[in-house]
Amino acid sequence: MPDTASEIARLRAALAASEARAEAAESELAQTRAVVSTSEAMIKHLKLEIAKLRREHYGHSSERRARLVDQMELQLEELEAAATEDEIEALNVAKTSAVAGFERRRPTRKPFPDHLPRERIVIEAPTTCSCCGSDRIVKMGEDITETLEVIPRQWKVNQTVREKFTCRICEKISQSPAPFHPTPRGWAGPNLLAMVLFEKFGQHQPLNRQAERYAKEGVDLSLSTLADQVGACAAALEPIHGLIRTHVLAAERLHGDDTTVPLLAKGGTQTARLWTYVRDDRPFAGGAPPAALFYFSRDREMAHPNRHLAGWRGVLQADAYGGYNDLYRGGRDPGPVLSALCWSHARRKFFELADIKESARQKKPAHDISPVALEAVKKIDAIFDIERQINGLDVASRLEARHQLVRPLVEGLHDWMQTEQGTMSKHNPVAKAIAYMFKKDRWDAFTLFLNDGRICLTNNAAERALRGIALGRRSWLFAGSERGGDRAAFMYSLIVTAKMNDIDPQAWLADVLARLPSTTASRVPDLLPWNWQPSERRRAA
């Protein structure tokens, strides 16, 4: 019997030791997993920073690098979340074992902005010493922990009171005049109107979704009520839009582009168009502020750019769309527009044939990647590299650099493409990419920038102006009518122009709507984005 008791005790001790070793192993495994996850996140973070620096150095036009950065950011997001989960698991396991807990080196966080208000929440101080219990304690300092918090949107009703007075002598009634309102009937304040406009056109949130959200916050505003105010705001902002239109069409060089927009039609939708014309003189150190003008049309017919640019002449930077051809005719009144074609469009055709990563994703064989297209991309990229270095210089400096550095590369590319084209079938995809640049008079339009320092190598300015519309198509689904499309183009002109001038569109719209009713016609230019000063800043000055 004693032998049996000692054996049981021995087995219990062995089991306890085994369980302890298992707990230790489990804790070590959890810590190892946390270390690996943290290391992977750190490596991915460093790779992302390197990729961003390379993209910043080599330029934003590299489509492959842009796609790589997007993918790396998504992977980093998942790895950071996984590292946090593994860290918490390691800490939980460490609480039940003798193994020390794992401490993860966290990514550095930027300090909270100074302009945010601070609310002090003071925890009740001790009244006695936590060691001896004495009440003779004196404050020697404090530790502050900052936590970022958000206050839900607050609604309020402003009551404007106009007191009436009667005269005891003549019995006439005196009263202050009624205040000006941004829109007729005056039930909505300028901040509310600006929020509705920016949510609809800047954030692509249709009015029905806004109405549903406001109702959940306790404010019942019907769709028709909001739509009424959108139309009223468009009418009120017409003077601002007119000045932006005049400013854009006063340019000697414009970027032009268009994108598809679904338009609600009987039985479904039809493909309409949103056009943009961008004035951006910053690449050649021009003094004019940037601005964008948008138009809407039911189709992509040639008549639309003719109407948009009627009476205008200058250099139009655009793609090779044939709808612009009427503008380039010699007999046009008031004169032909000069065509400057976009090198990004031309490069893209070669890039698609040389995109190794995309070919691998689609599991295409290696021989599907064209070495000629890859060489063309390298030659065009060499031109882009020089153009990035002279971006922002004055016209004379850009012309000199192009004459000495860019022209030899362009001429060499021309001769090389001609030689390669002669060895290919016209049905070869690379031959078609070359033919895109050589068709009719296109080479002259592609090389016009060599003789004019104002012209950019690409039409990216117009593509950037349209980017928000392309991103928002899934949200706002379609233009409800042609008038709705015109109104959207009207508001995009205002919002995109504000963004191009580094102005918060919603804050600007709120201030402009508040001040427009009492602003004389001669002072309206002060409200343009590049002249605008918020009301608070003007009072402080």
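In α12, the buried residues are V430, A431, A433, I434, Y436, M437 and F438. The model is predicted.

**Exercise 1.** Work out how far helix α12 is covered, and which helices its buried residues pack against.

*Solution.* 
1. Take the span. Helix α12 covers residues 429–438.
2. Apply the cut-off. A residue is buried under 20% relative accessible area.
3. Count. Of the 10 residues in α12, 7 are buried, and the helix is mostly covered.
4. Find the partners. The buried residues of α12 pack against α8 (343–354), α10 (371–389), α11 (395–422) and α13 (442–446).
5. Check the start of α12. There, a side-chain oxygen of N428 comes to within 2.8 Å of the backbone nitrogen of V430. V430 is also one of the buried residues.
6. Check what follows. Just after α12, K440 has a positive phi of about 50°.

**Exercise 2.** Describe how α3 and α16 pack: angle, class, handedness and contact residues.

*Solution.* 
1. Place the helices. α3 spans residues 190–202, and α16 spans residues 505–515.
2. Read the geometry. The packing angle is about 135°, and the axes lie 8 Å apart.
3. Classify the angle. Roughly antiparallel needs over 145 degrees, and roughly perpendicular runs from 65 to 115. The pair is therefore oblique.
4. α3 passes α16 in a right-handed crossing.
5. List the contact. α3 supplies P190, N191, L193, A194, M195, L197 and F198. α16 supplies P505, Q506, L509, A510, L513 and A514.
6. Sort the contact residues. They divide into 11 nonpolar, 2 polar and no charged.

Methods:
Residues numbered from 1 in each chain as written. Predicted model: local features only at pLDDT ≥ 70, side-chain atom pairs only at ≥ 80, totals over all residues. Heavy atoms only, no water. Axes fitted to C-alpha atoms, helices over the stretch in contact; angles between N-to-C directions. Helix = DSSP H or I, 4+ residues; strand = E, 2+ residues; numbered from the N terminus. Parallel < 35°, antiparallel > 145°, perpendicular 65-115°, else oblique. Left-handed = near helix turned anticlockwise from the far one by under 90°. Contact = heavy atoms within 4.5 Å. Nonpolar A, V, L, I, M, F, W, Y, C, P; charged D, E, K, R; others polar. Buried < 20%, exposed > 50% of the residue type's maximum accessible area, 1.4 Å probe, protein only. Polar contact = N/O pair within 3.5 Å; in protein donor to acceptor, adjacent residues only side chain to side chain.
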